[in-house]
2 protein chains.
Amino acid sequence: MVQIPNTPTSADVARLAGVSRATVSYVLNNTSAVRISEATRRRVHEAARELGYVPHAAARSLRAGHSRMVLMPAPAIPVGPLYSRFLNELQWALGRLDYTVVQYGSVGLEGDEAARAWAELRPVAVLVPGAGLGPQGVAVLKRSGARAVVTLGPGRVEGAHALLMDHDAVGHCAGAHLYARGRRRIGVVLPGEPGLEVYSRPRLAGVREALRGTDATVTELPLAYTEEAAAERAARWTASGLDAVFAYNDEYAMLLMRALQDEGVRIPEDVAVIGADDLVLGRLLRPRLSTVHIELPSGQDLAELVDRAVRDPGGEPEVHTVLGASVIRRESS
Amino acid sequence: MVQIPNTPTSADVARLAGVSRATVSYVLNNTSAVRISEATRRRVHEAARELGYVPHAAARSLRAGHSRMVLMPAPAIPVGPLYSRFLNELQWALGRLDYTVVQYGSVGLEGDEAARAWAELRPVAVLVPGAGLGPQGVAVLKRSGARAVVTLGPGRVEGAHALLMDHDAVGHCAGAHLYARGRRRIGVVLPGEPGLEVYSRPRLAGVREALRGTDATVTELPLAYTEEAAAERAARWTASGLDAVFAYNDEYAMLLMRALQDEGVRIPEDVAVIGADDLVLGRLLRPRLSTVHIELPSGQDLAELVDRAVRDPGGEPEVHTVLGASVIRRESS
């Protein structure tokens with residue numbers, strides 16, 4: 001058995017530096033309210049370094065009554081390059097404002113139950129992507145000391161700031177585009193991967209909305225992300241009579257387009273195909289894939305909203321519409 | 001200005017339930033050492049619910065001397081579907097063992113400096129993907145109470161458990177495969193995205209290793225992930241005389257293969273192409289993309305290692321080689 005080293009405490013640092021524990025706390029927390037000589041400060045820092053003393057964020061936040069921790073539930077679904085870039089930018093921006101971003105693995109927890117688990121960590125702000133958090137969850141978080149709760153999702157939740165990410169708009173774009181290209185029997189792919197309904201349902205609704213009152217029809221096409229499922233779907237295509245498809249995103253579009261081509265279906269002559277996300281890979285297929293380009297909010301703007309809300313926790317909740325959607329037409333539609 | 005609700009404390013719960021604070025703490029922490037009647041327990045739970053009281057994880061871990069928090073630095077590079085699935089599985093498995101997984105945004109922090117920031121959160125275990133953490137960082141984490149530090153990377157770090165992820169093996173596979181296919185002038189793509197050197201350098205070294213002592217040559221091909229960069233690289237291809245390329249991963253392989261085809265280079269007759277990651281999309285191109293299939297460790301196994309290490313913090317560090325690599329030959333090589 002290896003001996004586990006004891007955790008050095010601020011009392012150890014005080015002893016080595018020959019000062020009081022209060023002085024250690026003042027120096028290491030950079031308190032400016034108390035005058036402490038440069039020499040003493042140096043002695044405390046040296047003792048802390050020598051002992052390998054690390055302040056306890058939890059103890060510090062207990063004393064201060066709040067932390068600098070911004071908590072985000074970690075997404076339980078595979079994230080694409082777009083979201084990944086947004087998250088990076090957000091972390092940088094919050095880091096510059098001296099916040100610590102913590103992603104909480106909330107797999108298996110939902111809605112207000114998840115909010116209680118988050119509240120236990122006493123974050124100063126909570127960013128919640130997707131739907132599911134209710135007004136009660138927001139209240140739990142605020143009672144436990146969160147100064148700001150920001151939802152990134154389809155709708156507003158009482159008491160929380162909202163970045164409205166309107167995935168209806170993505171489908172609306174795609175539907176309107178296919179209609180304008182003369183298509184009237186339009187399929188919409190519903191991806192089989194669990195967890196994507198949050199995005200796929202509003203995208204479908206957007207297509208329906210774009211085509212309401214026209215002579216076009218909308219057909220739902222459930223599809224697993226496998227070559228076999230795509231091949232099966234393609235084999236039944238001609239019987240379906242569909243002349244266009246909005247394939248949820250570029251990956252599903254590429255999968256389905258290949259299966260259709262293998263069945264001898266001509267793209268776009270027989271069937272127009274459009275995806276979403278504007279992946280580089282979509283430009284590598286022939287014909288090149290048309291797509292809905294999605295613009296996420298800037299990480300910098302969101303970081304500033306968080307900071308504003310933390311400084312003025314009593315302010316009115318802000319509501320911003322942040323999702324931009326526009327069609328990039330290439331050769332497949 | 002909206003009134004911010006006061007955070008209810010355990011004293012409020014005690015008052016409403018008509019019991020002592022100690023009793024509240026015993027009940028809500030499920031302490032079995034103290035006998036408390038069912039009726040009292042119910043009264044405490046009801047009061048807690050009524051007030052919306054949420055225990056403070058930090059206070060609890062201060063009392064207990066440790067937390068159930070498993071900390072992982074959040075990756076600063078876009079993660080692929082493979083890693084994303086592994087992370088999900090790991091979170092589920094740790095959740096079932098009653099651990100909380102927290103991903104810490106450590107963008108901008110490196111090595112032992114990052115370790116100090118992680119230590120402030122007093123995790124009971126820390127999982128560190130990639131290289132960068134040194135023995136000093138491990139010591140800082142252990143002194144601050146972490147019972148287990150597990151690295152997921154190329155080598156061992158003193159004092160830490162190691163899941164060895166040998167990316168040399170990925171390159172070695174690819175190099176040996178291309179050689180066996182009769183290729184002798186082999187290019188290796190070095191991706192331009194920052195942060196990927198951790199993987200691309202050992203993959204390159206693996207190719208060199210596989211071809212050492214043969215008549216084959218290895219040429220480094222830096223490449224940005226844009227169509228323009230790929231087109232430029234393709235335009236200079238014939239002059240380079242290369243007859244094969246290991247393209248780092250499937251995405252770079254698809255990008256480069258398309259650019260080469262657009263230049264009239266025949267795949268695989270003129271140039272054999274192999275990627276890595278075994279993405280579904282690689283099977284959609286024509287010719288179908290050959291690839292190195294990578295097997296990550298199982299999240300379940302890693303969760304069990306963490307639990308074992310937390311229970312026996314003085315045990316010898318475990319070392320496991322976890323990365324599997326094998327060639328899947330399709331039509332491009």
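**Sheets, helix packing and local backbone features**

In chain B, strand β9 (residues 272-276) and strand β10 (residues 290-295) run parallel and are joined by 3 bridges. Two strands are taken as paired if DSSP finds at least two bridges between them; strands (E, at least two residues) and helices (H or I, at least four) are DSSP runs, numbered from the N terminus. Within this pairing, Ala276(B) has Val292(B) of β10(B) as its bridge partner. The model is predicted, with pLDDT of at least 70 needed for local features and pLDDT 80 or more for side-chain atom pairs to count, whereas totals for chains, interfaces and linings use all residues. Residues are numbered from 1 along each chain as its sequence is written, chains are lettered from A and ligands numbered from 1 in the order in which they are written, and side-chain values use heavy atoms, with hydrogens and water left out.

The strands β9 and β10 of chain B belong to an open sheet of 6 strands with mixed pairing, ordered β7-β6-β8-β9-β10-β12. From one strand to the next, the twist averages 20°; axes are lines fitted to C-alpha atoms, for helices over the stretch in contact, and angles run from 0 to 180 degrees between N-to-C directions. Helix α8 (residues 167-180) of chain B lies across β6 (185-191), β8 (244-246), β9, β10 and β12 of chain B, at about 25° to β12(B), contact being defined by heavy atoms within 4.5 Å.

In chain B, helix α1 (residues 10-17) packs against helix α3 (residues 38-51) at an angle of about 125°, and the two axes are 9 Å apart. This angle makes α1(B) oblique to α3(B), where angles under 35 degrees count as roughly parallel, over 145 as roughly antiparallel, 65 to 115 as roughly perpendicular and the rest as oblique. The contact involves Asp12(B), Val13(B), Leu16(B) and Ala17(B) of α1(B), together with Arg43(B), Val44(B), Ala47(B), Ala48(B), Glu50(B) and Leu51(B) of α3(B). These residues comprise 7 nonpolar, no polar and 3 charged; Ala, Val, Leu, Ile, Met, Phe, Trp, Tyr, Cys and Pro count as nonpolar, Asp, Glu, Lys and Arg as charged, and the others, Gly among them, as polar.

For chain A, the domain assignment, which is automatic or taken from a database, gives domain 1 (14-55), domain 2 (69-165 + 297-321) and domain 3 (167-294). Taken over C-alpha atoms, the centres of domain 1 and domain 3 of chain A are separated by 63 Å.

Chain A contains an open sheet of 6 strands in the order β7-β6-β8-β9-β10-β12, with mixed pairing. Here β7 (217-223) and β12 (324-328) of chain A are the edge strands, each with a single partner strand, so one side of each is without a neighbour in the sheet. Neighbouring strands of the sheet are turned against each other by 20° on average, direction ignored. Strand β10 (residues 290-295) of chain A pairs with β12(A) in the antiparallel sense over 5 bridges; Ile294(A) has Ala325(A) of β12(A) as its bridge partner. Helix α8(A) lies across β6 (185-191), β8 (244-246), β9 (272-276), β10 and β12 of chain A, running at about 25° to β12(A).

Helix α8 (residues 167-180) of chain A also packs with helix α9 (residues 197-211) of chain A, at an angle of about 40° and with the axes 6 Å apart. The two helices α8(A) and α9(A) are therefore oblique to each other, and their crossing is right-handed. Residues in the contact include His167(A), Gly171(A), Gly175(A) and Tyr179(A) of α8(A), and Tyr199(A), Arg203(A), Gly206(A) and Ala210(A) of α9(A). By class, the contact of α8(A) with α9(A) has 9 nonpolar, 5 polar and 3 charged residues.

Gly192(A) is found in the loop between β6 and α9 of chain A. Residues up to four places away in sequence not being counted, Gly192(A) touches Leu223(A), Ala224(A) and Tyr252(A). The C-alpha atoms of Gly192(A) and Thr226(A), 34 residues apart along the chain, are separated by 9.6 Å.

Most residues other than glycine have a negative phi, and most peptide bonds are trans. Tyr248(A), in the loop between β8 and α12 (250-262) of chain A, has a positive phi of about 75° although it is not a glycine. Arg286(A) and Pro287(A) are joined by a cis peptide bond with omega of about -5°, and Pro287(A) lies in the loop between β9 and β10 of chain A. In chain B, a cis peptide bond with omega of about 5° joins Ile267(B) and Pro268(B); Pro268(B) lies in the loop between α12 (250-262) and β9 of chain B.

Key: A crossing is left-handed if the near helix is turned anticlockwise from the far one by less than a right angle, and right-handed if clockwise.
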